[in-house]
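Please view the sequence and the structure first, then read the points below.

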Amino acid sequence: MKSRAFQLGTLGCLALLAALHFGVASADAATVVALGASNTYGKGVARNQAYPAQLEAILRAKGLNVHVVNAGINGDTTEGMLGRLGRVVANGTSAVILQPGGNDRRTHSADRTAEIQSRLSARGIPVIMMANSMLSGLPHQPDGQHLTPEGYHMLAEQVASQVAAAIGR
């Protein structure tokens, strides 16, 4: 009986250490939402290779307690982003990285970027704009539209200082 209790206690301690080691977000972590289309989602790469996951790892390596939420959807338009804004950007969010992508132009949809920015501003949430021009010159997948894991890492590195400044940490 004592052996079983010891084993469970040991497993519990190991689980706690693993959670601390792998950076499980604590309750006081700053929340950053990456809102966008396929290059936010990370089309063509594993979830941990998309820029939001790499950004979180970069910021945590710098000692910041932050959780980056990937709210990217392949093929999304700014109309779609606006429609789900209330669901994906919770009250208390520290900042939003907005990467509208090129789907508005491709689908002949109205660009709702200004309205997204206005709604977030009204809620006191800083917006970091990620212009499509930030993707040029970075390594792309063969489709020429989406970044490679290395490209997403380079993008995350580019935006990391802006995010750190926006969350004030």
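**Briefing on the predicted model**

Gln54 belongs to helix α3, which spans residues 51–61. The model described here is predicted.

**The chain as a whole**

- The protein chain contains 7 helices and 4 strands.
- Read from the N terminus, its elements follow the order α-β-α-α-β-α-β-α-α-β-α.
- Of the 169 residues in the protein chain, 40% are buried.
- When contacts between residues at least 6 apart in sequence are considered, 75% of them link residues at least 24 apart.

**Helix α3**

- The buried residues of α3 are Tyr51, Pro52, Gln54, Leu55, Glu56, Ile58 and Leu59.
- In an α-helix there are 3.6 residues a turn, so residues three or four places apart point the same way.
- Several elements pack against the buried residues of α3: the strands β1, β2 (66–72) and β3, together with the helices α2 (38–41) and α7 (149–167).
- After α3 comes Gly63, which has a positive phi near 90°.

- Gln54 counts as buried because its relative accessible area is 11%, below the cut-off of 20%.
- The side chains of Gln54 and His153 form a polar contact at 2.7 Å.
- With neighbours within four places in sequence set aside, the residues in contact with Gln54 are Asn48, Gln49, Pro149, Tyr152, His153 and Ala156.

- Strand β3 covers residues 95–99 and is mostly covered, with 5 of its 5 residues buried.
- Ala95, Ile97 and Gln99 point to one side of β3, while Val96 and Leu98 point the other way; all of these residues are buried.
- Strand β1 (residues 30–36) runs parallel to β3 and is joined to it by 5 bridges.
- Leu35 has Leu98 of β3 as its bridge partner.
- Strand β4 (residues 127–129) also runs parallel to β3, and 3 bridges connect the two.
- Val127 in β4 is the residue opposite Val96.

Conventions. Residues numbered from 1 in each chain as written. Predicted model: local features only at pLDDT ≥ 70, side-chain atom pairs only at ≥ 80, totals over all residues. Heavy atoms only, no water. Buried < 20%, exposed > 50% of the residue type's maximum accessible area, 1.4 Å probe, protein only. Polar contact = N/O pair within 3.5 Å; in protein donor to acceptor, adjacent residues only side chain to side chain. Contact = heavy atoms within 4.5 Å. Pairing = 2+ DSSP bridges.
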